[in-house]
Structures are given as C-alpha cells and as structure tokens.
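Please read the points below with the model open beside you. They go through it part by part.

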Amino acid sequence: MRGGEIICLGIESTAHTFGVGIVDSSGAILANELDTYRPLSGGIHPREAAQHHATVAHTVLERALRHAGIGFENVDVVAFSYGPGLGPCLRTGATLGRALALKLVRPLVAVNHGVAHIEVGKLLTGFRDPVALYVAGGNTLVTTLHEGRYRVLGETLDIAAGNCLDAFGIKAGIGPMPEPENRARSGKRLYSMPINVKGMDVSFSGILTAAEKLVEGGVPVEDVALSVTEAVYAMLTEVLERAVALTMKREVLLVGGLARSRRLQEMVEEMVKIHGAEFKPIPDQYLGDNGAMIAWTGLKMYQHGQLTTIEQSIVKPKLRIDETEVLWH
Ligand code: FE2
C-alpha cells in the first residue's frame, strides 16, 4: 500500500513482450516497463522468446519498481497473464508471478490477456461499456460485455489481421508492421483484393496469398502494401460497424498492437461518426502488450475476490476472452 491505495504488480509475457506494470487502486499507472524480443529472421520462435523473457525479467522488474518509487513491501497483489499466448512464454511470466506471490506472501491473480487489453483501454479513455476491436499479431476479434462476460461477436476464421500484414511484409522483404503501412503511404495504385467478411467474422489468408502473387508478379511493393493494408482495415472497420449497429453501444475502442495503425484509426473514426458513437484512441504504449494492463485488471479481479492458488495457476495458451467472468462492471 501507499497513500491508502492498494498496489498491484502485473506481469505480461504472452508473446514477444516481457512487461511489468504497477498500478494503484486510484487508477494511477505507476510504472509500465517492458523489453521486447525481436527475432533475427522470420516470425516468433516461442522458446527463443521465452529465453529472452527469462533473461530480461529481473531488470524489467527492477526498473518498474524504481520507476514507481516503491519497494517489494508496497506490493499488495501480484498478477500475471495466464493466456492466451505461447506456452513457453506464458510459463516464464507465470513462474515469476508465483515466485513473487510466495516470497512476498501476497495474493496471486491470473489475468486473461484479452480482457486486460480492453480494461486498460477503458481506464485510459473513461469509457464504461464499449464495443472493442482487439487486433494484433495473434488476435482478431470484436467483442463487448454482455451479461458479465466479453462475448465474441466476430473473429478471424484463419490468421490474425496483424499476422497477415507481418507475414506479407516479411515475404516481400520489407519486414513486419509497421513497414507495410509505411510503404503503403507511397503506394499509388490499388489492386483488387479478395475481401472475405461473413457476418462479423473475417478471413485474411486469401489476401495474403493474393499479395504474395502480386509481389512475385513484379508489382511495386508500395502498391501491394497499399492494397493489402486498405483491404485489411476496411474489413476490420466493416465488422466493427456491424457490431456497433447491432449493440447500439455508443463507445468504440481499438486495442492490440495493430490498433496503433493511424490509417485504421482514421477509418474507424469516420465510421463511428456516422453512427453517432464515440471513438477515442489509446496512447501507443498501452496498445501493444504491456504489464500495466495486467496489473490494472488483476487489481479489479482482486477487489472482487477472483484470486488463484499456486496449484491452480496453470497457464492456458488457448484461453478465450469469454472464459473470464467480469464481476467489476
Ligand atoms: Fe495482446
């Protein structure tokens, strides 16, 4: 505790990022430190990423405490992300979480990573009941709270939107996001793409294949990047629009690493206006994976008695967003 506020330390390690965040019960984010694994080539290698997390864990933890200006004795609750994510990465964060909870004799909370993205978004925007699009390298879904859970209104039927753009960038030799979006800015010609939207579900593998064919056929990479990003963002905006129309909710959130895209933000902003709803972008550092979102959600869960024992604190790589009861709404 400090100044009468409960303090929660949250650990994030689902994929590339190892993060430690510290928040207090007034909603103040006291620290949000992270270190990101960057593969030398290609996509993420789960064991290499986990090795990275294990190597940087102690320094990230120390930096977070120093930045928050607290010691271990001030930490009241320890939270960690238990899924969804890559098994080896999740286990590294969970191990640190358990060790800290045992050593400090503090309660442990297992946090759903997807729920945490949205909860920190609500904290930062002041939104109470938004429709959210969660878009990242490994996740694409449209969700909103209904009867105590974030329900999946729509999702990708194959690869995630971020994965589609990353894979295109890597195959085209320009590198993952944000490179495709950077190159798209100097694109001049739009090529037709296989848009695949079914209700509120989307499919991106056709776009990836089409983009690869265009690159192989000698089309300038800037034009392909423009065509791919426009198609992917248009599909995402379309499913989000359907969700807004269906739920008639007035607040719209974009969360996840791909939500940093200014072009996607622009399209969503325009769509939201038509529906008389409100969109507020979240600062970039809280859009990608981070420890603050785990700490904030862990604190809410702690306040509603949603604790885990060490024995039950098993990671769940395939955890779905609707598996967590939201008691704090
Ligand atoms: Fe994420």
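Two strands pair if DSSP finds at least two bridges between them. Helices (H or I, at least four residues) and strands (E, at least two) are DSSP runs, numbered from the N terminus. The model is predicted: local features need pLDDT of at least 70, side-chain atom pairs count only at pLDDT 80 or more, and totals for chains, interfaces and linings use all residues. Residues are numbered from 1 along each chain as its sequence is written, and side-chain values use heavy atoms, with hydrogens and water left out.

1. The sheet. Five strands make up an open sheet with mixed pairing, in the order β8-β7-β6-β11-β12. Its edge strands are β8 (149-155) and β12 (278-279), each of which pairs on one side only. Strand β7 (residues 140-146) runs antiparallel to β8, and six bridges join the two. To find this pair in the model, look for Leu 141, which stands opposite Glu 155 in β8.

2. The parallel pairs. β6 and β11 are parallel and share four bridges; here Tyr 134 stands opposite Val 255 in β11. β11 and β12 also run parallel, joined by two bridges. In that pair, Val 252 faces Phe 279 in β12.

3. Strand β11. Is β11 (residues 251-255) mostly covered or mostly uncovered? It is mostly covered, since five of its five residues are buried (buried means under 20% relative accessible area, exposed over 50%, partly exposed in between, with a 1.4 Å probe and protein chains only). In a regular strand the side chains alternate between the two faces of the sheet. In β11, Glu 251, Leu 253 and Val 255 are buried on one side, and Val 252 and Leu 254 are buried on the other.

4. The iron site. Which residues coordinate the iron ion? They are His 113 (NE2), His 117 (NE2), Tyr 134 (OH) and Asp 289 (OD), at 2.1 to 2.6 Å. Donors are N, O and S atoms within 2.8 Å of the metal (3.2 Å for Na, K and Ca); water is not among the atoms, so sites may look incomplete. Along the chain the donors follow the spacing H-x3-H-x16-Y-x154-D. His 113 lies in helix α3 (residues 113-125) and Tyr 134 in strand β6 (residues 131-135), so this pair ties together parts that are 21 residues apart in sequence. Both His 113 and Tyr 134 are buried.

5. The geometry at the iron ion. The four donor atoms subtend angles of 85 to 176 degrees, which makes the arrangement irregular. The cut-offs are these: four donors count as tetrahedral if all angles lie between 85 and 135 degrees; four count as square planar and six as octahedral if opposite donors are over 155 degrees apart and all others between 65 and 115; anything else is irregular.

6. Helix α3. This helix has 13 residues and reaches 19 Å from its first C-alpha to its last, close to the 18 Å expected at 1.5 Å a residue (the expected span is 1.5 Å times one less than the number of residues). Eleven of the 13 residues of α3 are buried, so the helix is largely enclosed by the rest of the structure. Among the buried ones are His 113, His 117, Glu 119 and Lys 122.

7. Helix α7. Helix α7 (residues 221-247) has 27 residues and reaches 39 Å between its end C-alphas, close to the 39 Å expected. α7 is mostly covered, with 19 of its 27 residues buried. Met 248 follows α7 and has a positive phi, near 55 degrees. Met 248 sits in the loop between α7 and β11, and at 61% relative accessibility it counts as exposed.

8. Another positive phi. Val 105 has a phi near 55 degrees, a positive value in a residue other than glycine. Val 105 is in the loop between α2 and β5 (108-112), and is exposed, with a relative accessible area of 66%.

9. Cis peptide bonds. The bond from Gly 83 to Pro 84 is cis, with omega near -5 degrees. Pro 84 is in the loop between β4 (77-83) and α2 (87-104). Met 177 and Pro 178 are also joined by a cis peptide bond, with omega about 10 degrees. Pro 178 lies in the loop between α4 (161-171) and α5 (179-184).
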